[in-house]
Amino acid sequence: MSSYLKHMELPPLTAVNEALLENIFVMFVCILNQIPVFVVGKPGNSKSLALRVINANLRGSDSPNSLWQKYPRIYVISYQGSEVSTSEGVTKVFEKANRYRESVAGTEAQVLVHFDEIGLAEASPNNPLKVLHAFLEPGYPKDRPDYAVVGLSNYPLDAAKMNRGITLVRPPPPKEDLEKTLKAICSGPDSKIKMEQELQKSLALAYCRYYQNQPVPDFHGLRDFYSLNKTLAKNWPSEPGQQQAVLFRAVCRNFGGL
């Protein structure tokens, strides 16, 4: 998938790590084949980023790269799950997807239902996901929906829903993957200066230790770590005497609040 990703336009300071590659690969295959997919992982595991990259590059004949012009345009219909979601709201989203697919414009596009924070909807007392089974499994003679479905969640869903599609669970990245991510961010074209490799390893190790022992579990996470790295990449000074002050301010900015 890394060779395909070279033909995709990515946001600035995006690290092509294992999580992003795997998320894009699984979503890409499932979307084009209209197989429901659920991507589960803590915030910062590049779930939303992967979907945004696919949507930005698969634009049909308007795609920025000639490779993706061979594929259909992705038309995304999003639904934000929450603890107040209702089955009526979920039903309306899938009905909207059906109406667009049956329209003239829908014949030239791949319709995608993006269900964000589907884990929060499952926790709703209204039980809004009870209608989901019929949309994921339309029944004989069809073996899959007429549209693609991508559900993103921070928490695993119950087996009855995850068994009706492909489920990708992203565990917390190991220290080695964090080092690769930090190296990619600091070596990117938008980075102000190349950071020392030993400092990169020290930051990855410090985050791993802090994450496992922080007073409030999951108060800080990968997004804070990535934001710290991007702050350093943009502001890292060439003078050694100023580096400690820049590092201190970046850590306080991104890991404060407790």
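Student: Why is Asp 158 called partly exposed?

Tutor: Its relative accessible area is 28%. Buried means under 20%, exposed over 50%, and partly exposed in between, with a 1.4 Å probe and protein chains only, so Asp 158 belongs in the middle class. The model is predicted: local features need pLDDT of at least 70 and side-chain atom pairs pLDDT 80 or more, while totals for chains, interfaces and linings use all residues. Residues are numbered from 1 along each chain as its sequence is written, and side-chain values use heavy atoms, without hydrogens or water.

Student: What makes Asp 158 and Lys 161 a salt bridge?

Tutor: The side chains meet at 2.7 Å, N to O. The rule asks for a side-chain nitrogen of Lys or Arg within 4 Å of a carboxyl oxygen of Asp or Glu, and the pair therefore qualifies. Lys 161, at 9% relative accessibility, counts as buried. Elsewhere, salt bridges that share partners join Arg 101, Glu 102 and Asp 146 into one network.

Student: How do you know that Arg 101 and Glu 102 form a salt bridge, and how is each classed by accessibility?

Tutor: The closest N and O atoms of Arg 101 and Glu 102 are 3.8 Å apart, which is within the limit. Arg 101 is partly exposed at 25%, and Glu 102 is exposed at 60%. The count by this rule is eight salt bridges.

Student: What makes the pair Lys 42 and Asp 218 a link between distant parts of the chain?

Tutor: Their side chains form a salt bridge at 3.3 Å, N to O. The two residues are 176 residues apart, with Lys 42 in the loop between β1 and α3 and Asp 218 in the loop between α9 and α10. Both ends are partly exposed: Lys 42 has 33% relative accessibility and Asp 218 has 41%.

Student: What does Lys 47 meet instead?

Tutor: A polar atom of its side chain lies 2.9 Å from the backbone oxygen of Gly 41.

Student: How do you know that the length of α8 agrees with a helix?

Tutor: The expected span is 1.5 Å times one less than the number of residues. For the 12 residues of α8 (residues 175–186) the span should be 16 Å, and the end C-alpha atoms are 16 Å apart, which agrees. Buried residues in α8 include Leu 178, Leu 182 and Ile 185. Their cover includes α2, α9 (197–213) and α10 (222–235).

Student: What makes a group of residues a nonpolar core, and which residues have the most contacts inside the largest one?

Tutor: A nonpolar core is a set of buried Ala, Val, Leu, Ile, Met, Phe, Trp, Tyr and Cys residues joined through side-chain atoms within 4.5 Å. The largest has 25 residues, and Ile 24, Met 27, Ile 31, Ile 54, Leu 112 and Val 150 have the most contacts inside it. Two or more residues each come from α2 (18–32), β1 (37–41), α3 (47–57) and β4 (148–153). The greatest share, seven residues, comes from α2. A second, separate core has 22 residues, including Ile 77, Leu 132, Phe 135 and Leu 136.

Student: How much of the chain is buried?

Tutor: Buried residues are 46% of the 258 residues in the protein chain, which has 11 helices and five strands.

Definitions and conventions: Helix = DSSP H or I, 4+ residues; strand = E, 2+ residues; numbered from the N terminus. Contact = heavy atoms within 4.5 Å. Polar contact = N/O pair within 3.5 Å; in protein donor to acceptor, adjacent residues only side chain to side chain.
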